[in-house]
Amino acid sequence: MKKSLSSWLDNKEHLAFTIIIPTVLLLIAFAYYPAIQSLRFSFLKYNIKRLSHVRFYGLKNYLHVLQDPVFLSSVLRVTYFMIVATTTVLLIALGIALVLNQKFPGRSVLRAMIIIPWAIPPVVNGQLWKWIFNGDYGALNGLLFQLGIIHQYQFWLKQPFIALNFAIFIFVWRYTPFISILFLGVLQSIPEQLYEAAMVDGAGVLMRFYHVTLASLRRIGGIAVILTLIASFSVFDGIYALTGFDEATKTPMIYNYEVTFDMGRFGKGSAMAYLVGIFLMALTFVYIRMSFRKDAR
Amino acid sequence: MKKNTGFRIFLFILVFLILFWSIAPPIWIVISSISTRAELYSKPPHWIPHNPTLQAYVNVLVKGEGFRGGGGVSAARLFRKGILNSIIISVTTTILVMSFAPLLGYAFSRLRFKGHEFFFYLIIAIIALPGWPVLIGLFSEFSTLGLLDTKIGLILLSFTFRLPFETWFMKGYFEAIPYEVEDAARIDGCTYVQALFKVSLQMVMPGLIAVSIISFLSTWNMFAAPLVLTYTLKSKPLTVTMTEFIGQYFVNWDLMSAATVIAIIPPVAIVIFFQKYIIRGLSAGAIK
């Protein structure tokens, strides 16, 4: 019996389907099916707190979302968030990778230290910074006060524009290590001969940096931009911990949670989730395509 | 290349800045956690505590002091249950991923079968599936199936959403090892399964370690899903119980900072210890 099972399995198709079918069933049950469920909800008037009033609603949820001033301003806000975050992450990551690519004593220790922010759970990251930014006793206030930059403690997170930028900052702090590591991996794979060849051709430091270093980072740079755009658009945990549902930092991700699970409006929430989700899916497909491309790094 | 002294000083300053940027915030939370309440709430802050104490750790781990906004649950119970739940959920997910991802990676890189492309994209497309649409549907599905507020529900969820990434990575790792090794094992009379376990799996071990660590970390760090899908201490992971130290109007910063330090020790220790694997895993993941 055992013999026949193992010989039945010793066939490429039998083995493959034995592995794949259970997995696919699992993914259908807990990923595709729920996604289709919420697509269905998005066409219903469906408030979880008023279950007797569920009825077909057509495209009205979508119209309501697109006419909702809170949603529209959250889209503007996250656009600002993505632009500032992506630019900053890429620049700082490039700087860190260039430094780590130099030879100096303690380099491997520093390389371990820079990944620490990335290891911290995002929600814990939000709480850590909420303490540092605290208006009554925070370290940021203490530091700026002692340096004489401010003369009295500030409630940073109560000032909308500052709160938004601080939310961006804590994302940048957590995400930069990941991109630095990607950049460093490519920098370390640049053959020394390329630099030597450029020197023979009479290229100065700046020209070598531009034509060799930056040129090698082109492909990974593109991937890093997409990854950071996706990640900064999707931030939820950090903002939830830092400022909760505050207007100042309300991105579509936060608002979507608030509408769906705080207000119980599953219909409108699902419609919003799909509107936002289509944008995210488009970005992710670009990423998957880019990273599948096999040609030169 | 000869580097001059100016460059060395410049480099040294940059190294110092990078170090400060990366570790000053976590170090500050460690300092806060060993400060007395009086020092914690002093203006300007005591950068180095005059009377260091472990009281906050005792409160969070052992003594179980109640706190405002805790709803009658003691801080220690909230915290200990959270840690336990997080460990159970993360370890189980990691073991499941470790058992399935290599098989899937092997199937897609080595075996030719009908619908190869179709099934691969069916699995990979999950990566592009955005969070909220799935979570909203999952909330209603879980409440029908009785999986709301259970650890099993969270494990199923994190396993389902880790698997596509890890399958993709493992496929890449298998593709990087030569076919000849397995062919040799086949000639020696091994079945495909035996060849996989005896030969190929050994060769993709570094990849498997990377994949497992990344699965553990991302499950440990998970927050939005358990926030939606759990509501009692029976199944809330640490990330969710911790946010309860922060009330709307009152925050227990001493409990908070001790809890933060304990919560970041496992992931930070893992990252530092397995640094090489993680770096390789992250780079391999992003650029296949």
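Visitor: How many residues of domain 1 of chain A are in contact with residues of domain 2 of chain A?

Guide: Please note at the outset that this is a predicted model. To read a boundary between domains, one begins with the assignment and then looks at the contacts. The assignment for chain A gives domain 1 as 16-56 and domain 2 as 60-292. Ten residues of domain 1 of chain A are in contact with nine residues of domain 2 of chain A. The C-alpha centres of these two domains lie 31 Å apart.

Visitor: Which element gives the most to the side of domain 1 of chain A that touches domain 2 of chain A?

Guide: One asks which helices and strands supply the residues. Here α2 and β1 (44-47) of chain A each supply at least two, and β1(A) gives the most, with four residues. By class, that side of domain 1 of chain A has five nonpolar, three polar and two charged residues.

Visitor: How is chain B divided into domains?

Guide: Chain B has domain 1 (1-53) and domain 2 (67-286), and 33 Å separate their centres, taken over C-alpha atoms. Seven residues of domain 1 of chain B are in contact with seven residues of domain 2 of chain B. On the domain 1 side, α1 and α2 (37-40) of chain B are the elements that give two or more residues, and the largest share, five residues, comes from α1(B). That side divides into four nonpolar, two polar and one charged.

Visitor: How should I read a helix, and what is the case for helix α2 of chain A?

Guide: An α-helix has 3.6 residues a turn, so residues three or four places apart point the same way. Helix α2 (residues 12-41) of chain A has 30 residues and reaches 41 Å from its first C-alpha to its last, close to the 44 Å expected. There is also a kink of about 40 degrees in α2(A), centred on A:Ile28.

Visitor: Is chain A a compact globule or more spread out?

Guide: Chain A has 15 helices and two strands. Its radius of gyration is 25 Å, well over the 19 Å that the globule rule gives for 297 residues, so chain A is more spread out than a compact globule. Its C-alpha atoms fill a box of roughly 75 × 75 × 35 Å along the principal axes. Buried residues make up 41% of the 297 residues in chain A.

Visitor: Where does B:Asp149 lie, and what is its phi?

Guide: B:Asp149 lies in the loop between α6 (131-145) and α7 (151-175) of chain B. Its phi is near 60 degrees, a positive value in a residue other than glycine. B:Asp149 is partly exposed, because 18 other C-beta atoms lie within 10 Å, whereas a buried residue would have 20 or more.

Notes
Residues numbered from 1 in each chain as written. Chains lettered and ligands numbered in written order. Predicted model: local features only at pLDDT ≥ 70, side-chain atom pairs only at ≥ 80, totals over all residues. Expected span 1.5 Å × (residues − 1). Bend = angle between axes of the 7 residues up to and from the residue. Rg over C-alpha atoms; globule rule 2.2 N^0.38 Å. Buried ≥ 20, exposed ≤ 12 C-beta atoms within 10 Å, placed from the backbone. Domains from an automatic or database assignment. Contact = placed C-beta atoms within 7 Å. Nonpolar A, V, L, I, M, F, W, Y, C, P; charged D, E, K, R; others polar.
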